[in-house]
Amino acid sequence: MALLELRGISKRFGGLQALAGVSLELEDGMIASLIGPNGAGKTTLFNTLTGLYRPDEGEIHFQQRSLLGMNPDKITAAGISRTFQNIRLFSHMTVLENVLVGMHSRLKTSLPGILLRSTGFHIQENEARRRAMELIDLTSLSGREHEWAHQLSYGEQRRLEIARALAAAPQLLLLDEPTAGMNTTEAQALMTLFRKLIGNYVKAILLIEHNMRVVMGISDRVHVLDYGEKIAEGHPDEVRHDPRVIEAYLGQGIWSGNA
Amino acid sequence: MELALEILPQVLLDGIVLGFMYALIALGYTMVYGVLEFINFAHSEIFVLGAFVGVEVLLLLQSAGYLAILHPLIILLLVIVASMVISGFAAMALERVAYRPLLGGPRLVALISAIGASFFLQDGLRLFESLWRNTFYLNYPSLEFLDQTVPLAANLVIPVKSILVIVTALMTLAGLYVFVNRTKLGMAIRAVAQDPDTASLMGVPVNQVIALTFFVGGALGGLAGVLFGIHYSLVNPYTGFIPGMKAFTAAVLGGIGNIPGAMVGGMMLGLLEAFAASYLSLMTDGAFGAEYKDVVAFLVLILILIFRTKGLLGEKVRESKA
Amino acid sequence: MNSKLATLGLCAYIAVSCLVAFFFPQSVLAFLSVEASLLLLYYVAAPRRVKIFLGALVLVVLLPVLGSVNGYYLEVAIQIGIYVALALGLNIVVGFVGLLNLGFVAFYAIDAYLWAIFGSPQANAFIPGGLFPLSPNWFFVFLLLSIVIGALTGALLGLPVLRLRGDYLAIVTLGFAEVVRALVNNLDKPVNLTNGPRGISPISKPPLFFQPLLEFFGLHVTEAKLYPLYFYFLILVLVCTIILVTRRLENSRIGRAWKAIREDEIAAAAMGVPVVRMKLLGFAVGASFASAVGVLFAAKQVFINPESFTFMESIGVLAMVILGGMGSIPGAILGATGVTILNLQLLKGMSLWLNGLRQSGAELTIPLLGSYSLSQLPAQFEPAKYERMVFGLILILMMIFRPQGVLPPTRERKQ
């Protein structure tokens with residue numbers, strides 16, 4: 001049974017067809033990549049999936065449940081969380097607070113409970129902090145939990161976004177160019193982390209990535225978008241030899257591995 | 001019912017005069033919003049400044065004895081040019097000092113600074129006039145020429161003041177239309193309004209265009225101030241708030257950033273207010289009267305902002321890059 | 001060792017400043033130095049328990065004692081308390097949630113009028129039976145009721161407007177406040193609800209339920225002396241409650257959600273924060289604080305009219321929050337205290353001083369410019385009348401040079 005199922009998703013902005021009937025399936029335990037030239041509609045697909053945009057057509061099923069018309073926060077509560085291509089941390093909040101915000105949908109203390117500092121509040125809050133620290137550890141940010149998010153280095157900020165997304169305890173994690181701007185060592189470390197996440201923290205990962213070394217090294221399946229249409233899908237090796245994919249990327253030198 | 005019909009022409013005239021004044025002020029809001037996506041909250045004080053410059057020029061002419069000698073049209077021209085120029089430069093200075101350091105930051109930061117500037121200018125004017133004239137409630141000296149009326153019909157007498165407002169406003173609006181649509185500078189303003197980054201790449205000096213926009217908006221505000229002062233005679237530093245809010249409403253009503261929209265919005269709001277002022281009491285048997293005209297205007301503002309944010313003629317601001 | 005020294009220094013400072021203020025009851029400076037002791041308490045690195053003890057000592061014992069020597073001090077302290085409570089309420093909306101509310105004073109006005117109408121004979125004008133004014137005991141019921149009504153009006157206004165972008169929201173809240181003020185101003189007909197611009201008086205004060213107890217201990221205090229102290233303690237309790245509630249909200253999932261919305265609304269929604277609901281909650285909580293203060297304000301003033309609830313009042317509170325530092329509880333307190341003192345003591349003090357100069361008729365001689373008789377200083381030039389200029393300058397200068405405020409929010413230190 002597929003964890004996530006997209007059927008014929010279309011989205012149009014004015015005269016621009018950003019997505020044209022994109023279908024995609026994601027199985028439990030899988031790391032899948034979404035690739036394609038700039039402007040192919042990858043981030044639009046993420047935004048549609050997380051409820052920031054409403055698709056004009058198509059269906060989205062997540063664990064046999066339709067996500068259509070749900071607000072972003074409900075979708076997060078249903079088990080999908082994400083990172084952003086251009087980092088969107090809460091800059092004037094600490095690293096720890098950033099991660100704790102990610103847990104919002106998992107914390108249930110009521111307003112009176114919060115105001116009266118009920119036992120339940122303390123139990124939940126302590127547990128939340130413990131889990132947050134665990135995630136901070138996991139993303140190698142320990143020791144920095146009380147710093148402002150904007151004080152972190154670029155690579156650390158990317159990792160904090162991942163920790164924050166994991167805090168929502170998602171089944172499916174969406175990563176938008178997680179290794180952008182990182183050097184090879186940093187990217188390698190992240191790849192190791194992603195493999196560790198599957199089965200332990202999340203059921204599946206879908207990532208948008210331009211770094212083909214990462215895509216080839218980590219993906220169980222690759223989906224290729226071009227001009228809002230899915231032009232290929234398959235095992236990384238199949239996709240890289242697909243003539244349509246080569247055409248879409250022609251002249252971009254992307255397969256050299258350091259794009 | 002008969003009464004209602006009888007006063008209709010007068011109500012229409014009041015509404016049109018008011019409408020032109022709102023339109024002139026609204027242009028200042030809308031042009032600045034067009035280029036900067038920023039509510040120039042202190043624009044109402046630029047408007048009041050215009051009114052004060054007008055009264056000062058008239059008082060100075062009066063004390064020098066020129067008021068009785070010069071041709072009334074020359075006097076008017078002097079007064080109008082002086083207020084437009086001074087208000088225009090004041091608006092430019094305001095942009096330079098209180099806004100430019102903040103642009104590019106969060107939108108609300110510049111808005112808060114603008115509110116601060118509005119308050120500062122109100123008391124600044126008060127302080128200046130208190131020191132200079134020992135009072136800050138000033139009366140426009142009456143000009144005989146302007147106090148005349150032209151009887152058109154039995155139930156409609158048009159004061160020359162109203163004709164002045166209508167004619168001046170029409171001429172200015174036509175001039176503005178030509179300026180924005182037919183001149184190079186106007187084109188630069190439109191380019192910056194559409195996309196400042198691209199405009200800058202194309203060699204448009206964005207900062208200077210912004211300054212120019214403030215100058216033009218400020219000058220129109222100053223003109224509105226003079227017309228307001230001549231029409232209602234009494235000015236004080238705090239008179240700007242309510243007309244300013246209403247003109248902003250007019251700008252939003254017509255679609256903010258949209259120059260023809262500001263004119264249409266101003267006219268509609270002016271008429272609405274005149275009708276509310278005259279007919280509310282008739283319609284409710286005196287239970288609610290003219291004192292509710294401000295409430296009506298503010299309710300329009302709230303409803304428009306909530307239900308039709310883009311205004312009647314559509315907003316002309318760039319797509320925000322989310 | 002160091003902290004002991006600091007504690008000793010603090011105690012010495014508090015003792016000296018209180019003594020000075022006690023023996024020179026006319027001196028504004030002496031009183032300012034007492035007020036400054038609280039700020040000192042905040043900054044000095046003394047143990048937490050010592051700070052709380054000293055703070056309580058100043059607020060619960062020393063200030064009331066000084067206040068009974070010079071009633072004006074108590075009046076200033078009550079005013080400060082009112083503005084601290086308002087600033088803390090606005091701080092939730094502007095500082096935490098990041099929404100510019102320019103009509104905050106409306107909530108304050110609605111509930112001030114609520115008690116004014118029913119706590120005075122005013123309600124007889126539209127409810128027959130001569131039931132009003134309600135007995136003073138109802139004051140506390142209205143205080144609680146106002147919290148609920150404030151939250152409801154906050155949510156009611158918030159519901160349609162919270163989807164608007166920031167600057168439009170600011171203007172709508174401003175419009176809302178102007179509509180409320182205009183209604184209050186005009187609803188003396190067709191049915192006389194608010195008595196219009198003439199205002200309402202006399203408004204009942206809260207009940208002196210503890211007077212028998214005082215009598216029992218043989219303390220005979222006149223009502224005129226007792227009420228200022230009573231209001232002082234009421235507002236103190238209210239402010240402390242508000243601080244406690246704000247702190248508890250801040251350090252919870254709600255406070256974190258608010259700040260996340262302020263920082264990045266889209267990211268917050270993507271992290272599972274129900275944005276609209278949290279904004280509504282912020283609006284409602286801020287409004288409920290203002291509403292409770294409103295009831296207290298009406299009871300303290302005995303007379304209220306629409307003049308107390310102008311746009312300037314909203315901007316004044318905004319200036320306090322911005323001066324102190326948006327999103328910071330100590331900042332809001334400092335801002336409110338600073339601006340209130342500036343208005344009530346410094347500007348008035350300067351006005352008096354200038355008046356004195358004027359009456360002295362002294363000659364001021366400036367080299368090269370000649371001499372100038374101070375009696376010619378225009379009577380219009382009175383600093384106390386230029387509140388707007390002060391608020392305006394605070395807003396502009398803070399936005400340009402220190403947008404984070406004097407006491408910006410601090411991050412949690414390592415436990």
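Two residues are taken to be in contact if their C-beta atoms, placed from the backbone, lie within 7 Å. Please bear in mind that this is a predicted model.

On that basis, the contact between chains A and C takes 30 residues from chain A and 26 residues from chain C. Which elements of chain A give two or more residues to the side that touches chain C? They are α2 (72-78), β6 (80-82), α3 (95-102) and α4 (111-116) of chain A. By class, this side of chain A has 13 nonpolar residues, together with eleven polar and six charged ones.

Let me turn to α3(A). Eight of its eight residues are buried, and the helix is therefore largely enclosed by the rest of the structure. The buried residues run from A:Val95, A:Leu96, A:Glu97 and A:Asn98 to A:Val99, A:Leu100, A:Val101 and A:Gly102. Against what do these buried residues of α3(A) pack? Within chain A, the partners are α5 (119-138) and α6 (154-167); from chain C, they are α10 (253-263) and α11 (265-270).

Finally, chain C itself. Its domain assignment gives domain 1 (1-69) and domain 2 (75-312). The C-alpha centres of these two domains of chain C lie 30 Å apart. Their contact takes five residues from domain 1 of chain C and six residues from domain 2 of chain C. On the side of domain 1 of chain C that touches domain 2 of chain C, three residues are nonpolar, two are polar and none is charged.

Thank you for your attention.

Definitions and conventions
Residues numbered from 1 in each chain as written. Chains lettered and ligands numbered in written order. Predicted model: local features only at pLDDT ≥ 70, side-chain atom pairs only at ≥ 80, totals over all residues. Helix = DSSP H or I, 4+ residues; strand = E, 2+ residues; numbered from the N terminus. Nonpolar A, V, L, I, M, F, W, Y, C, P; charged D, E, K, R; others polar. Domains from an automatic or database assignment. Buried ≥ 20, exposed ≤ 12 C-beta atoms within 10 Å, placed from the backbone.
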